[in-house]
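User: I've got a model open and want to go through a helix and some ring pairs with you. Can we take it one question at a time?

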Amino acid sequence: MSERDYQTFEAGDVVLQSGRTFPGMRIAYKTFGTLNAQRSNVIVYPTSFSAQHYDTQWLVREGGALDPSRYFIVIPNLFGNGLSSSPSNTGWPLTGDRYPQVTYEDAVRVQQRLLAETFGIDKVALVYGWSMGGMQAYHWASVFPDLVERIAVVCGSARCAAHNSVFIDAVRAALTADPAYRDGVFTEPPVRGARAMGRLYASFALSQDFYRDELWRGLGYSSLEDFLVRNWEVNFARRDPSDLLAQLWTWQHGDISANERFHGDLPAALAAIRAKVLLMPGDHDLYFRVEDNRRELAHLRNAELKPIPSVWGHRAGNPAQNPQDAAFIESAVRELLAS
């Protein structure tokens with residue numbers, strides 16, 4: 001997008017979980033609606049893998065669950081997405097393998113500062129997120145148990161599961177196998193690597209049933225090859241490859257218990273969450289599995305598991321082209337907000 005329609009929060013020099021300092025860290029964010037006098041109508045809507053707010057704001061609409069006529073909605077762009085601090089907009093010496101690795105906890109702490117320092121917000125009605133956005137929602141509730149009232153985790157988890165991690169390894173391997181990647185740096189656009197990454201991603205993001213039933217035809221594609229080339233091969237080529245690697249690292253290391261408070265004790269971290277939790281995995285999702293959320297549910301104080309019945313797999317949680325799944329999600333979120 002050439003037209004800038006967002007603001008920037010300058011966080012200054014931020015000490016990360018790793019102990020490293022990220023100088024001049026900044027968040028790009030966009031707001032919708034009006035903050036009420038009580039500052040009680042706040043919804044935080046973090047972005048997902050490779051997405052910028054342009055890609056997710058379709059869900060914000062009057063009459064929808066994220067209704068700007070009722071709520072003040074903030075979309076903070078996740079670090080590494082090319083708008084917030086990312087390898088592509090961070091200069092020397094923090095380039096290549098010198099770029100600081102940012103965790104979800106690092107991200108939500110700066111997002112909380114954005115809300116407090118810019119708007120005076122000390123209570124969040126809902127954190128809603130899909131995929132990496134859902135993992136951020138979990139981190140919001142864990143890091144700020146007294147601040148967050150509700151979270152909706154759509155196709156996300158509190159910890160990156162082992163099989164999910166294997167998938168991320170494969171995606172990273174496909175991208176970095178390109179000859180343009182040398183000594184930890186992309187020397188030119190990795191055309192073959194981006195195509196390979198898109199093909200691999202296509203096999204996991206949508207279910208076997210989606211392909212068996214040729215649902216891509218309903219999206220306007222003439223053949224399976226047409227769908228893979230025009231949809232998936234170009235999907236990640238629009239992003240800087242170093243940004244993609246940075247976000248893959250954040251995703252793979254996602255774990256609400258990986259800190260000095262819980263020392264890797266995930267059940268304890270889940271039990272400490274006070275927010276009301278809505279878990280909405282896709283029942284055909286191949287890497288954020290229903291079973292992962294079911295096991296988390298056993299340790300949560302106040303939570304509901306409501307799988308999305310859909311052959312769209314992981315993409316069921318981002319149904320921009322799928323009205324049936326969108327209606328299911330919005331109905332569940334409305335109930336959560338009314339509770």
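Predicted model: local features only at pLDDT ≥ 70, side-chain atom pairs only at ≥ 80, totals over all residues.

User: How many residues does H2 have, and what span does it reach from first C-alpha to last?
Analyst: H2 covers residues 104-119, which makes 16 residues. At 1.5 Å a residue you'd expect 22 Å, and the model comes out close to that.

User: Which elements do the buried residues of H2 pack against?
Analyst: The buried set includes Tyr104, Ala107, Val108, Gln111, Leu114 and Leu115. In an α-helix there are 3.6 residues a turn, so residues three or four places apart point the same way. The packing partners of the buried H2 residues are strands E1, E2, E3 and E4, plus helices H3 and H8.

User: How many aromatic pairs does the structure hold, and how far apart in sequence are the parts tied together by Tyr29 and Phe119?
Analyst: The structure holds 24 aromatic pairs. Tyr29 and Phe119 form one that is edge-to-face, with 6.2 Å centre to centre and 90 degrees between the planes. Tyr29 sits in strand E2 and Phe119 in helix H2, so this pair ties together parts that are 90 residues apart in sequence.

User: Is Tyr29 buried or exposed?
Analyst: Buried means under 20% relative accessible area. Tyr29 comes in at 6% relative accessibility, so it counts as buried.

User: What about Tyr45 and Tyr128: which parts of the chain does that pair link?
Analyst: Tyr45 and Tyr128 make an edge-to-face pair, 5.5 Å centre to centre with 70 degrees between the planes. Both Tyr45 and Tyr128 are buried. The pair links distant parts of the chain, 83 residues apart: the loop between E3 and helix H1, which holds Tyr45, and strand E5, which holds Tyr128.

User: Which residues do ring pairs link into a cluster?
Analyst: Ring pairs join several Phe, Tyr and Trp residues here. The cluster is made of Phe49, Phe167, Tyr201, Phe204, Trp232, Phe236, Trp251, Tyr287 and Phe288.

User: Last one: which side chain makes a polar contact with the side chain of Asn318?
Analyst: Asn318 lies in the loop between strand E10 and helix H11. Its relative accessible area is 18%, so Asn318 is buried. Leaving out residues up to four places away in sequence, Asn318 touches Trp58 and Trp130. The side-chain polar contact, at 3.5 Å, is with Trp58.

How values were computed: Residues numbered from 1 in each chain as written. Heavy atoms only, no water. Helix = DSSP H or I, 4+ residues; strand = E, 2+ residues; numbered from the N terminus. Expected span 1.5 Å × (residues − 1). Buried < 20%, exposed > 50% of the residue type's maximum accessible area, 1.4 Å probe, protein only. Contact = heavy atoms within 4.5 Å. Phe/Tyr/Trp six-rings, centres within 6.5 Å; stacked < 30°, edge-to-face > 60°. Polar contact = N/O pair within 3.5 Å; in protein donor to acceptor, adjacent residues only side chain to side chain.
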